[in-house]
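Look at the sequence and the model below.

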Amino acid sequence: MKNKGLTKVDLIFETVDVRKVMKKAFEMTSDEIIQQVLESGLKGRGGAGFPTGLKWKYTAAEKDPDKYIVCNADEGEPGTFKDREILDKVAPKVYAGMAIAGKAMGARKGFIYLRGEYRFLLPQLFVELHKFHKMIAEIGYDFNIEYRMGSGAYICGEESALFESIEGRRGEPRNKPPYPTTSGLFSKPTSINNVETLVTAMMIIEKGPLEYVKLGTKDSRGSKVFSISGDTPVPGIFELELGMTVQQFVNEFGDGDTKAVQVGGASGFCVPRKKFADTIIGFEGVPTGGSMKLFNSSRSMYNVLHNYIDFFAEESCGQCTPCRVGCQQLLKGIEKVKKGEAKSTYLNELVKLADTMKVASKCGLGQSVGNAFKSIVENFREEVIY
Amino acid sequence: MYQTGNLVKDLAEKHGRRRESLMPILQDIVKKHNYLTDDVMVAVATELDISAAEVYGTASFYTFLDTEERGKNVIRVCKTITCSMKGKNDIIATIEDMLKIRVGETTPDKMFTLLETNCIGWCHKAPAILINDMPYTDLTPETVIDVIKGYMR
């Protein structure tokens, strides 16, 4: 299998003249901006991986004079902390990404939904925002950004739950369709993008798509900021070119005794040692919003699984039955098997339940509980039972 | 219990009286008083002209919009996997021993409430806690004592 190896990149945190990029974007037409983002192959960096250019194109095509660009900074996936670092270090680049998206789609208003856990960042972010508003006004942009805060609900990272929250309601996901590009925040056409996606789009405008596509693979263009934690001597935030295998990743970041890597957080997949060499980190293999957790042989994968399912049982919004009841039953189920109150074959029933949740749950939360559940149960069955 | 005086009215002036003003208003009340009383939720409902059930329904959805009494300083210890692997239980035991309360409880002088919370985004510097809005990371049982002492003054 062809892969790119592990290469460190500096795109997101690179110092650029934001004013210059804004001027460049201001002189481009809406179509030109969208075309460049489309050509770059950029996919959403929050985890779901929807092509960013398409999202902007669909929103731009809507006739409604009121449109919104929303920056999703409700970074709640266990093991993800890169968006905090991006906002902390290069907030003006995030604002610029929003203004460029606004220009591309004909939106004059942007909201940043920041998780409550990051409230301590606000004073500095406001200072930067004030400077940014002044700067773009001088160039001639009619664009304004406001912050909205979360209050400790993981589900509000789901786009429609996030809109509900901004609108002052419980963060319960909506039915789709309609999709946000036609009816999003305040029922207006909305493009909602992750913090890193917006910065990447801004850098694509700065460098041009041809430069950007040199990085990554056909299915996973560019680079990605990874949040690395767990059993590693070098926990932290690293920007890497996409297309490496888990083995190459472990060679660089493991502690020499890595038995599993959880790619994509609690809603992602567990890759066991025997599959490291054959698994590519990216959309052709295991996709990730950036969360990479390494576990060495001293860790019980039952504890890892229990921690994840407990997380979902608490964070499920409770609106739809498959997710609400499913999370609780998965949790009770693995506890029963562990205590010997249920036979080990009961795990097969639980896997079926996880499959049902994937099909029947309303949003991405319930649909992805089965990812971690199945990949841990299938690869570490003995640890879950005994 | 606390008296709010003109707080709700002032916040409605600041954030507006539309439905989308609700979260910022509730968040500002919690910032000041750490939790929401029944009285304050009714006052918000009256000010925004919506049902009190809507206000309670919204508030009770969000972990950080507490509807139970909380101390002046709310300590939230991250319990998600990396913090859990890196000694979260020792941190909790130390705080419990120091403040003589268990997780979920508030000290009799209403100075501290101890809670567990889900991932707060500091996995690379685990174990981590939030005290009110401030994160403290790379904690050990020794350093967490100093951190909490800083809030006792």
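Predicted model: local features only at pLDDT ≥ 70, side-chain atom pairs only at ≥ 80, totals over all residues.

Chain A holds an open sheet of four strands. Their order is S3-S2-S1-S4, and the pairing is parallel. S3 and S4 of chain A stand at the edges, each with a single partner strand, so one side of each has no neighbour in the sheet. Neighbouring strands are turned against each other by 20° on average, direction ignored.

S1 and S2 of chain A run parallel and are joined by six bridges. Within S2(A), Lys109(A) is the residue opposite Tyr68(A). Helix H6 of chain A packs on the sheet and touches S1, S2, S3 and S4 of chain A. The direction of H6 makes about 100° with that of S2(A).

| Element (chain A) | Residues |
|---|---|
| Strand S1 | 68–73 |
| Strand S2 | 109–114 |
| Strand S3 | 144–149 |
| Strand S4 | 190–194 |
| Helix H6 | 159–166 |
| Helix H4 | 82–105 |

**The cores.** The largest nonpolar core has 136 residues. Which of them touch the most other members? They are Val94(A), Ile100(A), Leu305(A), Leu330(A), Ile376(A) and Leu26(B). Helix H4 of chain A gives the most to this core, with 13 residues.

Take Ile100(A) as an example. Leaving aside neighbours within four places in sequence, Ile100(A) is in contact with Ala25(A), Ile33(A), Ala201(A), Met202(A) and Ile205(A).

Another core, of 24 residues, lies apart from the largest one. Its members include Ile91(B), Ile92(B), Cys119(B) and Ile129(B).

Key:
Residues numbered from 1 in each chain as written. Chains lettered and ligands numbered in written order. Pairing = 2+ DSSP bridges. Helix = DSSP H or I, 4+ residues; strand = E, 2+ residues; numbered from the N terminus. Axes fitted to C-alpha atoms, helices over the stretch in contact; angles between N-to-C directions. Contact = placed C-beta atoms within 7 Å. Core = buried A, V, L, I, M, F, W, Y, C linked by C-beta atoms within 7 Å. Buried ≥ 20, exposed ≤ 12 C-beta atoms within 10 Å, placed from the backbone.
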